[in-house]
Amino acid sequence: MVSLCSRFPSQFLRHMVLATLMASVTATSQAIELSGSAIDFSQVSFAGTSASNTGQVSFDFDGLALPSSGYINVFTETEGWVVQNMPVFNAAGTGGFGRSISSLFDFAGTGSRAEINAYVDFSYSVVTGFDVGASPAPGAASEASTDAPGGSAVRIGAFRSYGITRRDARIGGAPAVPAVVAPPKATPLNFLGTGPTQIYLQPGHGYSIEQDVNQCAPASVANSLEYLHRRYGVEFNDEHVAGIGEDGDAIGVNGGSRVATLDLWMDREKGKAPPKWSSVLDGKLHYLAGQDVKDLNLKYQGNPGDIAEGDFTAHGLTMKSHGKAPTVEFITEQVRLGEDVELAFSYAGGSHMVTLFGAGQIDGKSWLGFYHDHIQGAEGGITAKDGGIVFSWLDVDKDGVVRLSNYHNAKLELVVVESIPEPETWALMVAGLGLVGWLGRRAQGRPDARRFRSS
């Protein structure tokens with residue numbers, strides 16, 4: 001039996017908001033060059049195939065010893081601006097996630113790479129472009145200049161050489177022929193430094209489990225339910241440990257592996273293709289009904305495959321439908337409210353499902369943070385270096401289709417959400433890099449560098 005109200009935190013904590021700010025930057029800011037082993041470049045190899053055109057860079061924020069929250073940018077000599085204004089989550093209470101993260105990019109050319117020349121920096125404000133010597137660098141925003149209206153352009157003095165590690169990846173696809181996924185979009189975003197910035201992080205994440213091949217749907221649900229447990233005190237009658245249903249790791253609904261039980265209820269066959277879309281929803285409701293969880297708010301958005309339009313009812317529980325296709329607004333709002341969010345997406349050759357821990361906007365551009373197992377069926381895959389903790393921009397095409405532009409340009413297919421009643425502002429919300437300590441330090445140190453207004 002899951003206890004909700006008895007473990008419900010105080011009214012003060014339920015409505016906790018550390019900061020709600022909008023940033024308007026009126027002057028340029030210093031860029032601090034970064035280097036060292038806390039920055040890791042790699043080339044992705046899909047399930048033992050030859051090296052792909054997909055590159056990855058990961059960051060250990062603690063290892064970088066950054067002075068505050070801000071943005072990280074990476075400009076390479078051959079690819080251009082490959083990491084654009086990725087927010088640094090230097091906030092207390094974010095747990096293991098937000099302290100390290102990775103992002104994918106498109107390698108120039110083909111074949112294996114041994115090293116890459118890159119410039120990496122940290123800035124307090126949005127970077128609008130890069131200059132190499134006297135000329136604007138390829139990929140820099142056309143508005144980039146030292147007096148950009150709401151941000152700053154960065155002049156690169158010299159590139160540093162970084163070694164490239166080859167790292168395996170295996171995500172959803174046919175088990176016999178793992179998906180070899182296309183690299184992310186190479187087109188850079190255009191930053192002006194004048195758009196809204198909102199950073200929403202959910203404390204309580206950081207407990208990702210390793211997955212079997214094509215076990216992403218059961219595992220993403222297991223991970224997100226662990227968030228409900230650690231954030232809100234919801235009790236479940238099993239353990240958040242790795243397991244496979246067909247191997248007998250699900251011992252009824254008491255004491256076994258949560259992901260193994262979800263395996264069984266979603267009809268995922270070991271070593272086979274992922275479960276049907278409708279089986280994902282049905283299996284989750286089957287699991288929750290077995291846990292006697294009947295007062296969660298359950299909802300979903302998207303109707304891929306065999307999921308019919310309208311509310312989805314099974315095992316005495318109902319998920320409320322919020323539309324036929326995922327939208328940026330719905331996803332961001334659920335993260336902002338502190339709700340438990342799983343996201344499924346597709347690409348040529350397969351599909352995948354992950355758990356979200358953050359969302360928002362940077363200079364008016366929408367982004368997501370998620371975690372998963374990037375090397376299903378093998379050891380590892382859940383750290384940032386292995387590609388298990390990910391930052392990606394979102395792109396919306398003319399038909400309203402939402403894609404993960406930094407993650408194989410994957411199409412968003414399904415959003416599944418659940419929460420305790422009235423979660424409201426449980427998310428750790430940091431808007432405009434609005435950490436209280438950072439604001440105080442900046443106000444004392446450089447009072448004329450920024451103006452802030454409440455949102």
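Predicted model: local features only at pLDDT ≥ 70, side-chain atom pairs only at ≥ 80, totals over all residues.

Student: Why is Gln-215 called buried?

Tutor: Buried means under 20% relative accessible area. Gln-215 has 1%, so the label buried applies.

Student: Where does Gln-215 lie, and which residues does Gln-215 touch?

Tutor: Gln-215 is in the loop between strand 13 (198-201) and helix 3 (216-232). Beyond four places in sequence, Gln-215 touches several residues, among them Glu-210, Gly-243, Asp-263 and Arg-268.

Student: What makes Ala-65 exposed?

Tutor: The cut-off for exposed is over 50%. Ala-65 has a relative accessible area of 61%, so Ala-65 is exposed. Ala-65 sits in the loop between helix 2 (61-64) and strand 5 (71-76). Its phi is positive, about 50°, although Ala-65 is not a glycine.

Student: Why is His-315 called partly exposed?

Tutor: Partly exposed covers the range between the buried limit of 20% and the exposed limit of 50%. His-315 has 37%, so His-315 counts as partly exposed. His-315 also has a positive phi, about 55°, and is not a glycine. Its place is in the loop between strand 15 (312-314) and strand 16 (317-321).

Student: What makes Val-328 a contact of Val-396?

Tutor: Contact means heavy atoms within 4.5 Å. Val-396 is in contact with Val-328, and also with Val-401 and Val-402, leaving aside neighbours within four places in sequence.

Student: What makes a group of residues a nonpolar core?

Tutor: The members must be buried residues from a nonpolar list, joined through side-chain atoms within 4.5 Å. The largest such core here has 46 residues. Those touching the most other members include Ile-39, Phe-41, Phe-59 and Val-74. Strand 8 (residues 115-123) gives the most to this core, with five residues. A second, separate core has 33 residues, including Leu-225 and Val-416.

Student: Which residues does Val-74 contact?

Tutor: Phe-41, Phe-59, Trp-81 and Val-120 are among them, leaving aside neighbours within four places in sequence.

Student: How much of the whole protein counts as buried?

Tutor: Of the 455 residues, 58% count as buried.

How values were computed
Residues numbered from 1 in each chain as written. Heavy atoms only, no water. Buried < 20%, exposed > 50% of the residue type's maximum accessible area, 1.4 Å probe, protein only. Helix = DSSP H or I, 4+ residues; strand = E, 2+ residues; numbered from the N terminus.
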